[in-house]
Amino acid sequence: MKVVLDHVTKAFPNRNKKLKQDVIAVSDFTYEIPDGSLIGLLGPSGCGKSTTLNLISGLLTPTSGRILFGDEDVTDFSPEHRGIGLVFQNYALYPHMTVAENIMFPLGNLRGKDKMSRAEMRRKAEEIAALVQIEAYMDRKPSELSGGQQQRVAIARALVKMPRVLLLDEPLSNLDARLRLQTREEIHRIQRQTGITTIFVTHDQEEAMSISDAIVVMRDGVVQQIGAPQQVYNDPCNLFVAKFLGTPPINVFDGSVSDGALYLGEDRVLDVPCVPDGTYYVGIRPEGFEIRADGPMHAALSAIEVMGRDVSVVAAHPACTTDTLRAIIDADETVGLHANEIRFSLKPSKVCLFDRRTEIRVRTDK
Amino acid sequence: MEKNSLKAWLYLLPAILFLGVFLVYPLVDVFIYSFEEGYNSASQTYFGIGTYNFSYVLHDPYFLQALKNTLILVLITVPVSTALALLISVGLSSIPHLKQLYQTVFFLPYVTNTLAVGLVFMILFAKTEYSDGLVNVLLSLFGMTPVDFLDGPYAAKMLVLCIYTVWIVLPFKILILTSALASVKADYYNAARIDGTPRLRVFTRITLPMISPMLFYLIITGFIGAFKAYSDAVALFGTNLNTAEMNTIVGYVYDMLYGDSGGYPSYASAAAVILFAIVLTITVINLLISRKHVHY
């Protein structure tokens, strides 16, 4: 089922009643989510991603704009008529019911020709439990399960009615690091297996990038960029997106362009023939640095951190907007890391220029 | 470790002393009195030890009347007040406007003086030379014959006592239940809503189990409170409760100690022990049931 958001806007009345102006939680969101895809809504807290999810679920109704499931306009449908499954951030499993009862609960609401016998419900619940691999815990209470298992039960409960769209609100935020890695793969597998269009909300860019078919980066209710994770990472449309994606984060410098050459402080680091003269924010991904004895960029070496496969070089540069820059290099490049000064050359594809005022990306290629 | 536990006992000492003197000692004493036949508190003497006190109390028509009254009061007011409080609390938590106002209105009886409440009930129910009382006026509007609620048939008097008791205990129960309802996380309701759960099923399958610990707390304390009823009857029917056939067990104990027919601490103690045994049994039964039905 494809999900279409057509100029969806949600405004809340201002908490401060003296201010008449509404708070715009989601502003003019337009996007067609392809059938069977896994979409991550990504942004810092308060960016409107959860509101967007609730608008799709029907728990909130948009102030303006339409929401379509396939060709059907569901904007005015209440949640139960939309055919969605929603997994809550805290799972919202009914604590007084066993796992099996929790999963069967939505089936118990079916009336008329859809009404199921208890045996049918049990069979269906076991089917779904097998899919999310919790069939061994059917008679336990949620409090007797680990966080990851509770999450699976919540997904099973959302899936048992075979919803048209599955929505997950911060599905991994209550799990520890190891479980998070495992569960996100699990979500990916379940989504692939069922083929249900799935939308999830997260503030963790790594989570969104690792399993999504496409990510939607939001800020203050406005969609910043939509695209495949790698594409958004490599080709951010503004400084916010560039800073938000990637660990370690992108290094930002105050740079200037004159006569088609990019300067970082005194260093003439790159040729950018198509960029007009002026000052810019220059973002350089950590993997965009190469250590060269004759490299154009001079930096003062502060530390070298070896973390398994990666070697990360921490250095100071006068034009850097933060105290230090961080470069990730291959282990075999570590030659010549004894001196106090280190010299880099830059990979042009990993360097992005942004307008100083609007923070919008300035293309270096024409 | 040794030092620590010594310290702990030292800190507990004031509480233990007070509880011991004012709670444990009298409790044990009452138990002893109840077996001492013909105990005289002035001369501190008694004739012998045995179960005569219990046999006397259990054959005393006044006690049997008090027992019957108390049981009726318990069986009617506890379920009625709890159900009514639940109904009102659910109503309160689902109205969008004027919630605070209604909450205040429903809580007012709790902070109102008991005597003032008694006065209001007099105006409502009492039949005097000048007026039949407000309720009788209403009844006669519907063509019914006026009833003397406070000095007439037993059923009428019991009805007024039950209404009074329910009205007195309602605010506290509403307060507890509204806060219990408010503490149920909205996500549970949202999850149920997305699944299209009918409202009745949400109430019986989600709301009730979630507030069941509080509900059982209210039922247990409600039983205990109703068994100890006394002041409500006094407020309505005066201190001569035996004549009014409206005495309660606690009233009987009081009468045996200080009433016109008083001066019998042995009988009073025996009645108190019987009350204790009844309350203990009911509470244990309640706890056993609640263990089965309260889930977390």
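Modeller: Two strands count as paired if DSSP finds at least two bridges between them. The model is predicted.

Colleague: Over how many bridges do strand 14 and strand 20 of chain A pair?

Modeller: Pairing needs at least two bridges. Strand 20 of chain A covers residues 351–355, and its pairing with strand 14 of chain A is antiparallel. Within this pair, Val351(A) of strand 20 stands opposite Ile284(A). The number of bridges is 5.

Colleague: Which residue of strand 14 of chain A is the bridge partner of Asn251(A)?

Modeller: Strand 11 of chain A, residues 251–258, runs antiparallel to strand 14 of chain A, and 7 bridges join them. Strand 14 spans residues 278–284, of which 5 of 7 are buried. The partner of Asn251(A) is Ile284(A).

Colleague: How many residues of helix 1 of chain A are buried?

Modeller: A residue is buried if 20 or more other C-beta atoms lie within 10 Å of its own. Helix 1 of chain A runs over residues 49–57 and is mostly covered. The buried residues include Lys49(A), Leu53(A) and Ser57(A). The count is 9 of 9.

Colleague: Where does the positive phi of about 95 degrees occur?

Modeller: The place is just after helix 1 of chain A. The residue is Gly58(A).

Definitions and conventions: Residues are numbered from 1 along each chain as its sequence is written. Chains are lettered from A and ligands numbered from 1 in the order in which they are written. This is a predicted model: local features need pLDDT of at least 70, side-chain atom pairs count only at pLDDT 80 or more; totals for chains, interfaces and linings use all residues. A residue is buried if 20 or more other C-beta atoms lie within 10 Å of its own, exposed if 12 or fewer, and partly exposed in between; C-beta atoms are placed from the backbone. Helices (H or I, at least four residues) and strands (E, at least two) are DSSP runs, numbered from the N terminus.
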